Amino acid sequence: MRAVDYIIKKRNGEKLQEQDIKELIAGYVSGDIPDYQISAFLMAVFFQGLDFEETWQLTNAMIASGIRFDFPEIEGIKVDKHSTGGVGDKVSLLLAPIAAACGCKIPMMSGRGLGHTGGTLDKLESVPGYRVFLTEGEVRKILADDGYVMMGQTEDFVPADKRMYALRDVTGTVESIPLITSSIMSKKIAEGSNALVLDLKCGSGAFMKNIDDAKKLAEYIVGTAKAAGLKIKVVISDMDQPLGRTIGNYNELLESAAALQGNGDERLMELTYRLAGWMIVLSEKAATMEEAVDMAKKAVASGEAFKLFLQNIEHQDGDIDYVINPKKLYKYSKTIYAQKNGYIEEINSYDVGIASIYIGCGRRTKEDTIDHYAGIEVLKKVGDSVVKDEPIFTLFYNEGDIETAQKLLEKSIVISDNKPKKNEIIYEEI
Ligand code: URA
């Protein structure tokens, strides 16, 4: 069949056969099927969905598009953590050294910013020199030496996802349960992990805006992990306000460094310790969650996790001076103030995420370059009291559409007269 026939089939809500999916993905990766046809296919999937069987077949077709890793020389369980994407979500940066300090082995394949959400690779690359594209030999050596390695997707590692991820970002097709499932799971299965902890974000700054959608995505992800023989734990966490104190790239990296030195935001640390705890339990380094969280906290208190963080930055060729002696690499700053007295009822994280793109923290088109040193500091949390003209956000930037960013940040804040009930950081574990 021609590519257009598969697009029409899905557009009309029909089920695709395994062979259809294989041909589409293989044709896309070989260059026979162009971006515009895959964009149309992605939009058809966005509206019509894929059932679990089709999603599993898509995941496998994506894995088959490139190479797979395997680490037989590293004894024991290889574990990874992945987030479905959030605003201010820097958890991977601090969680990897914490879990590694507790004996976990983590080959972490991370992504770039997607839609309004930030990406771990962009944050790491804010340290001059830091390389996320490594040779196979380097990956093995860094994993053995540091207990974790941070990798970007090379051209030959699940290339189908690499290209579709970038297309989805600019075609309004990110928020799709089967597409998120196949994107995440193809990478996690191909990277050679045996266990996965998934931080499934739910709320205004997440791709899953409500708990029912979050649970449906969890069901697809758990089903795919089980079919692939991967141990999995899904933690559904709150993304109804930005996570931590900063949004951007370099500033989130510095916030992570501070958190590893004992100065972490409370909600950020609660989530990080819980996710690290599951990594430690799935890796069989602790028998109970209590013991695992205790180990994670000790890894921070002893300085061991921060030591590994710096060691990894050096091993991946980053200049640790940028971490030890923070630099001011933006020209301008602007403060956004409260418009009235009251309590912060809402900080719409989607609006905050989009505002960060307007000052250069993320991409508007596939080809855009980002400004690693622009960012937003979030000075208030949901539930805090504020008085009129008190600062709520500070923007740091070099260039960009500041007016739009400012309007979005002002719009993101709802101030009410009554103290609102705060969401717990963790909603549910599956
Ligand atoms: N993370 C991914 O790797 N893929 C998605 O589609 C969403 C988040």
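The lining of the second largest cavity splits into 5 nonpolar, 13 polar and 5 charged residues. Here Ala, Val, Leu, Ile, Met, Phe, Trp, Tyr, Cys and Pro count as nonpolar, Asp, Glu, Lys and Arg as charged, and the others, Gly among them, as polar. Before going on, a word on the source: this is a predicted model, where local features need pLDDT of at least 70, side-chain atom pairs count only at pLDDT 80 or more, and totals for chains, interfaces and linings use all residues. Residues are numbered from 1 along each chain as its sequence is written, and side-chain values use heavy atoms, with hydrogens and water left out.

**Back to that second cavity**

What lines the second largest cavity? There are 23 lining residues, and H116, T117, G118, S356 and C361 lie nearest its centre. The elements giving two or more residues to this lining are α6 (120-124), β6 (246-248) and α16 (349-358). Of these, α16 gives the most, with 3 residues. Helices (H or I, at least four residues) and strands (E, at least two) are DSSP runs, numbered from the N terminus.

**How the spaces are found**

Rolling a probe the size of a water molecule over the atoms shows where empty space is left. On a 1 Å grid over the protein atoms alone, a cavity is a set of points where a 1.4 Å probe fits but cannot get out; a pocket is an open set with protein on both sides within 12 Å along at least five of seven lines; and lining residues have an atom within 4 Å of a point. Points are joined across faces, edges and corners, and a volume is the space filled by probe spheres set on them. By this rule there are 2 cavities of 30 Å³ or more.

| Space | Volume | Lining |
|---|---|---|
| Largest cavity | about 320 Å³ | 26 residues |
| Second largest cavity | about 170 Å³ | 23 residues |
| Largest pocket | about 390 Å³ | 18 residues |

Nearest the centre of the largest cavity lie H82, S83, T84, G85 and Y165. Elements that give two or more residues to its lining are β1, β2 (106-109), α8 and α9, and α9 gives the most, with 4 residues. By class, this lining holds 8 nonpolar, 13 polar and 5 charged residues.

Where does the ligand sit? It's in the largest cavity, going by the rule that more than half of its atoms lie within 2 Å of the grid points. Around the ligand are H82, S83, T84, L114, Y165, R168, I180, S183, I184 and K187, each with a heavy atom within 4 Å of it. The largest share of that shell, 4 residues, comes from α9. Sorted by class, the shell has 4 nonpolar, 4 polar and 2 charged residues.

Now for the polar contacts (pairs of N or O atoms within 3.5 Å). With K187, the distance from a ligand oxygen to a side-chain N or O atom is 2.5 Å. Taken alone, the ligand exposes 240 Å², and the protein buries 97% of that (accessible areas use the Shrake-Rupley method with a 1.4 Å probe).

**The largest pocket**

R112, Q153, K162, Y165 and A166 lie nearest the centre of the largest pocket. Its lining takes its largest share, 5 residues, from α8, and by class there are 4 nonpolar, 6 polar and 8 charged residues.

Conventions:
Polar contact = N/O pair within 3.5 Å; in protein donor to acceptor, adjacent residues only side chain to side chain.
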